[in-house]
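User: I've got this model open and would like to talk through a few spots in it. Can you walk me through them?

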Amino acid sequence: MTAGQVQTRYRVSGMDCASCAAKIEAVASRLDGVAAASVSVAAATLVVRHVSGADLSALPARLKPMGYGLALANVEPARTSAPAAAPEACCNHDHGAHGGHDHGGHDHADHPHAGHDHSSHPPDRDAPAGGHDHAHGAEPGEGGFWSNGKARLTLASGAAFAAAFLAGLILPQVQTPLFIAAMLVGLVPIARRAFAAAAVGMPFTIETLMTIAAVGAVIIGAAEEAAAVVFLFLVGELLEGFAAGRARDGIKALAALVPKTALVARGGDFVEVPAAQLAVGETILVRPGDRIAADGEIVAGEGGIDESMVTGESAPVTKGVGAGVFAGTVNGDAALTVRVTATAEDNTIARVVKLVEEAQEARAPTERLIDRFSRVYTPAVVVIGALVATVPPLLLGGDWGEWVYKGLAILLIGCPCALVISTPAAIASGLSAGARRGLLLKGGAVLETAGKVTVVCLDKTGTLTEGRPKVTDVIGFALPETEVLRLAAALEGGSSHPLAKAILDRAAADGLSIPAASDGRALGGRGVTGIVEGREVFLGSVAAGVARVALDPQTEDRLAGLNDEGKTVSLVIVGDVLAGAIAMRDEPRADAAAGLAALKERGLRTMMLTGDNARTAAAIGRALGIEVRAGLLPEDKQRIVSELKRQGEIVAKVGDGINDAPALAAADIGIAMGGGTDVALETADAAVLHGRVRDIAGMIDLSRRTMRNIRQNIGISLGLKAVFLVTTVAGITGLWPAILADTGATVLVTANALRLLRRTGE
């Protein structure tokens, strides 16, 4: 990338097929100072990469006669590629009296309860530039189906054709001139666009083929068919535009979920303001039944939140103070006070919409192949049409009228619209369908490759597991289990350490009343002590505990068994008596086992790559039924991924976006696991936004369905053309079926691609 280059992004109106995109790209590429231009039909955008200071003001004027309008979206520094995984800083938090412990790479059982150093995860969290009226008009559906220029032109052409037909029944002698006039109603705008394209070096456009065919039909005395073909062509364009608009609406529907206003705390009261004006840190009130207006964190209230429109989960999720919420989700039956954590331009839905649009601008390998093919295909069709029209009369004594007619029909059959749109329509629908499920794939190339994956390598902490410890066992020796847990919680009251939070969460879940502790002291990484209800209580590691009390062989065996399961064990000692023990472990996600089983059902090999110790990793691996590689540094994970690729495997690496950057970058596809965080959205090639292991199999399925759809689309477009090419040369079909074959193929291909939007997963 040359220094000093920038890219300008436009919204394009009047574009409904890939041949439109090719024309717009060609015009933009010919401007001085432009290095490259890329158009996405699905996103209706044009991205122009150019030197800083290049004059692009002539671009709207050059595109206007061809039927396209532009509105400036933004100008930004040019990028060489899609965002790639980048190393993330990893902060080790000092938990004060709790000492130091590497959560990811050491044996929990061999360290005191109070010693932990956790890797910190980040919190979850158009001005016009020459817009013009033109022949194409607004997209169907914007302001009513018949309120745009393309629809009005189609209606006028159809009315003129119907009038000519009816008048011809009454006055047959004027039938031919009336059909010629009807043809001109629709053909003049088409021909104008053809000449405009030819003037900028693109003579082989569908408009050119249409103009030649219609004029040629009149010359050989087929005026009625010429008028009908022009009308059918316009109907086809209208249907294509409507179908393209439907494809775009798939992702726009997400943006529409966010409410327009919010109730913001101002001066001791809540005032209604536009949601777009919300600032980070402000507090909003969300009433029962209202949609949440911003990404945020609950600061007061608790209730069920319907996240189905974002996550696909049908059941409401109960959330309370400290929980993160998404913009656009629906509050249930209790008022919530939420602190805003992202502006309207940066909330989860806005970022997903922006990234999906950018992904749609990145062409897939199959799409690039079809584009190259179509550049040869269209001129070849013109040559074949000319040969069919001239060779039989010149060399075989054929009738000129008959063979010119067949040659003109071949020009219409040969339109590449359906073929060229076959891939981008399916890719756009696949990307949009994925975004609705929280599966973000950054481009068609990623979507294609996902279905070819043979090995999935997954991180453990935060990917296969929840990323935070939970109490798994409470054992009572001298005291009941509830009393052991109650005393431990008393010592941990107020601590934010992950193991302390695990104990407090379990005590709260069990509904225990936690007494106050006095004279609390940290014991230098060995544990904590304090006075609870007049008794001295110690909570700490097994190693520190055995210095206070003796363990019988049966107890030692029981604790060793917990260690073998990869659990961290803390002893609770009251005075000089072993009261009990508490075991904790970072447990697998609820759907981890089912998600891995789904991958294996699809024929994929799964492998855990973790920096944790072998004993803990093996215990989790046994529970989940996955191959394990443990004790790995980041460079070790990268090496294993590279070795698998050298063995011919197609590798997907799944991690939480932190400390996995080398392996994510080395894999054929890097998949970030996260709950809508910046890391999950901006690193790797794809992201599972809602942290569900089963969604990885969903991503594979989506890719495979999309590739099947592409193959079906190519078969439809080429198959119909082949059939009608043969029947036209054989004299069975003519101009009417030819244009119907072209229009029908385009509409069928687009409709088939739209089926992907309805397949939103389980």
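Analyst: Let's start with a term: a residue counts as buried when its relative accessible area is under 20%, as exposed when that area is over 50%, and as partly exposed in between. Also keep in mind that this is a predicted model.

User: With that cut-off, is Phe 179 buried or exposed?

Analyst: The relative accessible area of Phe 179 comes to 1%. The limit for the label is under 20%. So Phe 179 is buried.

User: How many aromatic pairs turn up in the whole structure?

Analyst: Ring centres have to lie within 6.5 Å to pair. Searching the whole structure on that basis gives 2 aromatic pairs.

User: Take Phe 161 and Phe 179: what kind of aromatic pair do they form?

Analyst: Phe 161 sits in helix α3 (residues 149-170) and Phe 179 in helix α4 (residues 175-199), 18 residues apart. Their ring centres are 5.6 Å apart, with 45° between the planes. Stacked needs under 30 degrees and edge-to-face needs over 60, so what falls in between is called tilted. The pair of Phe 161 and Phe 179 is therefore tilted.

User: And how far apart in sequence are the parts tied together by Phe 161 and Phe 231?

Analyst: That pair is stacked, at 6.5 Å centre to centre with 10° between the planes. Phe 161 belongs to helix α3, while Phe 231 belongs to helix α6 (residues 223-255). The pair therefore ties together parts of the chain separated in sequence by 70 residues.

User: Within that cluster, is Phe 231 buried or partly exposed?

Analyst: Ring pairs join Phe 161, Phe 179 and Phe 231 into a cluster. Phe 161 has a relative accessible area of 16%, so Phe 161 is buried. For Phe 231 the value is 23%, so Phe 231 is partly exposed.

User: Moving on, how are helices α23 and α24 oriented?

Analyst: Helix α23 (residues 694-729) packs against helix α24 (residues 735-758) with their axes 10 Å apart and at an angle of about 170°. Angles over 145 degrees count as roughly antiparallel. So α23 and α24 run roughly antiparallel.

User: How many nonpolar residues are in the contact of α23 with α24?

Analyst: On the α23 side, the residues include Ile 716, Leu 720 and Phe 724, and on the α24 side they include Ala 745, Leu 748 and Val 749. By class, the contact has 6 polar residues, 4 charged ones and 10 nonpolar ones.

User: Is Asp 519, with its positive phi, buried or exposed?

Analyst: Asp 519 has phi near 55°, a positive value in a residue that isn't glycine. Its place is in strand β17 (residues 517-522). The relative accessible area is 60%, so Asp 519 is exposed.

User: Where is Glu 533?

Analyst: Glu 533 also has a positive phi, about 55°, although it is not a glycine. Its relative accessible area is 46%, so Glu 533 is partly exposed. Its place is the loop between β18 (527-532) and β19 (535-541).

User: Which residue lies over the face of Trp 403?

Analyst: Look at the ring centre of Trp 403, where a residue lies over the face at 4.0 Å. That residue is Lys 406.

User: Last one: how far apart in space are Ala 335 and Gly 303?

Analyst: Ala 335 is in the loop between β12 (330-331) and β13 (336-340). Among the residues Ala 335 touches are Leu 285, Pro 288 and Ala 300. Ala 335 and Gly 303 are 32 residues apart in sequence, and their C-alpha to C-alpha distance is 7.9 Å.

Conventions:
Residues numbered from 1 in each chain as written. Predicted model: local features only at pLDDT ≥ 70, side-chain atom pairs only at ≥ 80, totals over all residues. Heavy atoms only, no water. Helix = DSSP H or I, 4+ residues; strand = E, 2+ residues; numbered from the N terminus. Buried < 20%, exposed > 50% of the residue type's maximum accessible area, 1.4 Å probe, protein only. Axes fitted to C-alpha atoms, helices over the stretch in contact; angles between N-to-C directions. Parallel < 35°, antiparallel > 145°, perpendicular 65-115°, else oblique. Contact = heavy atoms within 4.5 Å. Nonpolar A, V, L, I, M, F, W, Y, C, P; charged D, E, K, R; others polar. Phe/Tyr/Trp six-rings, centres within 6.5 Å; stacked < 30°, edge-to-face > 60°. Lys NZ or Arg CZ within 6 Å of the ring centre and 35° of its normal. Lists of a residue's contacts leave out its neighbours within four places in sequence.
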